[in-house]
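Trainee: I would like to go through this model with you. Could we take it by question and answer?

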Amino acid sequence: MRTFVCFFALFSLLPVFAAESLRLDVRQFELSNGLKILILERHDSPTFAAQMVFKVGSVDERPGITGVAHLLEHMMFKGTQIIGTKDYQRELPLLKEIEAVAVPLSEEKAKGEKADQEKIADLQKKLNELQAEHRKLVVKDELWEIYLRNGAAGLNASTGSDYTHYYCSIPSNRLELWCWLESDRMRSPVFREFYSERDVVTEERRRSIENNPQGALWEQLTAMAFTAHPYQWPVIGWMSDICAIRREEVEQFRRIHYAPDNCTMVLVGDIHPDQVLPMIERYFGGIPSQPPPARVRTVEPEQRGERRVDVEFDAEPMVFLGYHKPAIDNPDQYVLDILQSLLSEGRTSRLYKSLVLEKQIAVQAKAYAGPDKYPGLFIFVLVPRSPHTAAELLTAFDAEMEKMITEPVEAKELQKVKNRLRVDFIRGLETNEGLADKIAYYEALYQWEYVNTLLENWEAITPADVQRVAAKYFLRSNRTVAQLVKPEGGKE
Amino acid sequence: MMKRSVLSRLLFVCVIPSFVVFAADLPEHPRDLTYPELSFTMPDVSRTALDNGLLIYFREDHNLPVLDFYAIIRVGAIYDPLDKMGLASLTGEVMRTGGTREQTGEQIDEILEFIGASVESSIEQERGIARMGCLSKDLDTVLPIFAEILMQPEFRQEKIDLCKKEVLESIRRRNDQPGDIVEREFQRIVYGDHPYARPVEGEANTVVAIQRQDLIDFHRRYYVPNNIILGIAGDFDTTEMSARLKDKFGSWERRDVPFPDLPDLPDESVPEGGVFYFPKDLTQSNIRMGHLGIRRTDEDYIPVRIMNFILGGGSFSSRMMSGVRSNEGLAYSVYSQFEPKRDRGLFIAHAETKSESTLRAITLMKNEIRRICEEPVSEQELSTAKDSFLNQFVFHFTTTRNIVEQRVELEYEGLPEDYLDTFCDKVSKVTRDDILRVAKKWLHPDSLRIVIVGNAENFDGALSDLGAVHEMTIRDYAAEVDSALKP
């Protein structure tokens with residue numbers, strides 16, 4: 001178990017590979033400030049994929065500041081006391097002045113129809129002037145420029161309900177640059193250009209939810225399915241909250257959640273741990289740890305009866321269903337993974353075969369078991385084919401799900417799913433980025449080691465398990481049905 | 001941090017001993033960093049051809065027990081007859097789902113999915129694609145299926161009918177996403193009567209008109225070995241593979257392909273600009289602006305890409321992103337691209353902004369297009385762009401599959417064999433004058449076609465300020481499908 005190279009040498013000699021041999025030889029380290037480091041060596045190409053994973057997402061927000069985790073992710077690209085500025089000391093007073101105008105402006109705008117338009121215009125003018133003044137001290141998007149100049153590929157970040165990660169791939173001779181930039185923004189980010197970035201996020205929301213039928217449907221499904229748990233609000237946040245969040249609130253959120261002991265660094269590729277660890281220690285070792293943030297306390301109460309929500313949109317019909325399911329640490333998740341594949345992956349899957357090929361009443365029928373950190377939803381996406389209606393499709397879907405519960409799955413069908421999952425797993429080993437994603441994902445939701453026992457856990461599942469789990473979760477009383485419908489009064 | 005006590009017993013957790021380091025030891029700014037030389041040699045890909053003209057690129061890689069085939073066929077929706085638009089796409093799809101002489105599509109599905117393998121076929125605007133992927137031990141099961149689907153697909157009627165139904169549903173849904181509307185209409189406006197203007201999947205009445213014999217004839221015409229480039233990557237032995245390929249494809253007969261003549265592109269020596277407004281009740285406008293672009297094989301292609309990086313292609317290092325997003329917060333997504341095709345592709349700038357800032361965003365973007373045609377870019381901008389291309393070059397070669405597929409693509413695009421060998425040199429030589437020259441030549445800020453899907457009631461000004469306004473209507477695709485289906 002020393003190096004990944006050995007693992008592959010051994011592995012490729014095996015005529016039939018046993019699940020046990022498909023383990024990633026991830027090496028794990030921890031700095032004294034609690035920063036966890038996961039390294040997987042692969043020397044095929046002189047590059048590596050890097051991720052900084054923070055165990056925080058929209059689930060850690062509260063009403064009023066929904067969307068703050070995502071807005072924070074945007075702000076982390078705005079530079080630091082060194083990067084992105086011509087003179088940080090001269091920026092400071094201007095940033096304060098901007099705050100003093102932008103906050104009352106947001107408050108006035110939030111009054112809606114009762115807002116004083118004259119006051120808004122006046123404050124807006126002041127804000128524009130201050131921003132223009134401030135811009136003279138800004139080195140535009142310098143973090144991006146440095147990364148791109150040095151050949152970074154796939155530079156980006158993403159925020160989910162459960163975690164936030166920052167990632168890119170870089171030529172392996174530039175590891176120190178990555179350490180420099182990432183430790184710098186972990187230590188002292190500066191949230192400059194905050195109010196224009198907040199506007200950017202409102203545009204992102206308009207694009208992905210308000211003017212996007214699937215986005216709108218998804219938002220309403222989760223809002224309806226969760227009455228108590230924070231999974232009820234969208235990761236991007238409610239529009240009213242995005243428009244009102246203050247810079248100070250984002251900074252406070254960062255202080256609580258972006259400490260080294262709430263972060264895992266994942267490096268996959270052309271990297272030698274003996275060489276890089278001292279470098280990582282030099283750059284990140286001095287960043288102070290923080291008290292651990294509180295975990296979400298609220299538990300979603302058991303659902304008692306089917307919930308339905310219609311979403312009006314000028315688009316063709318579509319149905320999303322969400323069944324409550326347990327968190328990743330419940331072994332039923334392995335069975336739900338199997339069910340996802342059995343029901344909707346490939347042309348021989350149950351729903352595809354029945355609804356798309358045979359009955360021809362759908363053009364799409366997909367299942368998503370996606371593990372979640374907290375109890376979440378097993379999602380189905382059903383797209384009817386005209387003239388068949390959503391109601392007709394739902395009836396056929398229910399009949400198919402009923403079979404799942406009443407009849408045990410045949411051994412051959414179950415074996416097919418297992419074979420497929422195993423090949424998919426092997427395919428996931430092809431790229432540094434794919435591996436880094438996988439390790440980061442399971443580490444954020446639970447613990448990275450999960451990835452190394454997935455195959456054996458899937459392998460152990462029996463037809464009885466499948467039937468039991470289907471019967472336990474796929475109940476009408478446990479689901480929410482969200483439908484896209486044409487606006488009342490017909491077409492616009 | 002669940003189950004921490006259990007975890008620490010199970011895992012080898014190594015807390016690194018603290019190195020004695022002071023912050024002062026760290027370089028103050030990343031510009032002070034120096035990097036060791038990157039050791040990189042460009043991986044070789046072998047090239048060979050069967051006697052019947054089937055071209056093959058291949059490279060062995062035994063890291064994982066998998067292998068992949070990737071074929072490009074010179075075919076495309078551009079060769080669809082006008083009254084049967086959608087034929088190419090339907091042919092590509094039903095080649096796979098319609099099965100072979102011996103086996104139905106469903107039988108093939110069962111065989112492949114049981115072993116986690118895949119065989120897929122499709123035809124796009126300017127290329128056909130066929131793929132196969134499997135564990136290396138399953139080669140002898142999967143290769144015959146792949147070969148049969150390429151050479152002798154059966155086009156069973158029931159699968160043609162099903163595929164047509166699915167295409168019609170997709171056509172019905174063409175207006176669901178505002179982004180799809182604006183993309184489609186932009187292409188249509190720029191390309192006029194040229195086949196590039198047409199949707200690959202066809203129109204309702206043309207899809208309905210397609211018959212089984214059309215698919216058989218279309219396939220027979222283009223799927224010949226001398227019209228295919230095949231790439232093979234992964235866990236195989238070259239000698240054994242050669243024998244198998246000869247066995248499977250050797251007797252496939254070479255035949256000349258009578259390619260239809262394509263009409264000339266609209267004459268754009270003096271392109272006609274204008275605003276094309278499609279009303280839809282949205283809170284955010286979807287904007288595309290641009291005109292005809294460049295051929296992939298044009299010698300200006302590399303300087304044009306660098307110019308576009310600075311203009312709008314280089315993410316946050318681009319002028320459009322800086323101006324529209326970063327400075328003013330007007331858009332989440334704003335960028336420009338030169339989308340290459342075999343003939344002239346598109347120059348297209350994208351943005352989505354709330355209705356109330358539509359004109360402002362368009363004006364900022366237009367100004368940037370104009371500015372790059374009028375003033376030389378800065379040294380700093382050029383060096384950022386060039387360094388980015390040069391330092392990212394190594395990412396063209398991260399997996400064997402990509403390495404092989406890339407060679408297949410380059411050959412298909414008609415690029416010279418030394419394209420990758422000379423790429424970095426060509427990038428290095430681009431100057432500020434080159435950028436200005438190609439900007440002037442390939443950008444036309446005064447004759448942009450500006451296509452907007454949105455709600456003008458809430459716009460921040462009159463569209464006529466941007467040029468001649470064409471009031472357009474969004475086609476009612478649901479009605480078109482319903483009418484095409486009427487007996």
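**Chains, domains and contacts**

Mentor: Of the 487 residues of chain B, 43% count as buried, where buried means that 20 or more other C-beta atoms, placed from the backbone, lie within 10 Å of the residue's own. This is a predicted model, where local features need pLDDT of at least 70, side-chain atom pairs count only at pLDDT 80 or more, and totals for chains, interfaces and linings use all residues. Residues are numbered from 1 along each chain as its sequence is written, while chains are lettered from A and ligands numbered from 1 in the order in which they are written.

Trainee: How many helices and strands does chain B have?

Mentor: Both are DSSP runs numbered from the N terminus: helices are H or I with at least four residues, strands are E with at least two. The C-alpha trace of chain B spans about 75 × 65 × 55 Å along its principal axes. Its secondary structure comes to 17 helices and 13 strands.

Trainee: Which element gives the most to the side of domain 1 of chain B that touches domain 2 of chain B?

Mentor: Domain bounds come from an automatic or database domain assignment. In chain B they give domain 1 (51-249) and domain 2 (274-414 + 424-482). Contact means C-beta atoms, placed from the backbone, within 7 Å, and 31 residues of domain 1 of chain B touch 29 residues of domain 2 of chain B. With nine residues, the element that gives the most to the domain 1 side is H6(B).

Trainee: And chain A: which element supplies the largest share of the side of domain 1 that touches domain 2?

Mentor: Chain A is assigned domain 1 (42-85 + 138-284) and domain 2 (307-485). The contact takes 28 residues from domain 1 of chain A and 25 residues from domain 2 of chain A. Strand S3 (47-54), strand S5 (164-171), helix H8 (213-225) and strand S6 (263-269) of chain A each supply at least two residues of the domain 1 side. The largest share, eight residues, comes from H8(A).

Trainee: How do the residues of the side of chain B that touches chain A divide into nonpolar, polar and charged?

Mentor: The contact takes 76 residues from chain B and 77 residues from chain A. Ala, Val, Leu, Ile, Met, Phe, Trp, Tyr, Cys and Pro count as nonpolar, Asp, Glu, Lys and Arg as charged, and the others, Gly among them, as polar. On the chain B side the division is 35 nonpolar, 24 polar and 17 charged.

Methods: Contact = placed C-beta atoms within 7 Å. Buried ≥ 20, exposed ≤ 12 C-beta atoms within 10 Å, placed from the backbone.
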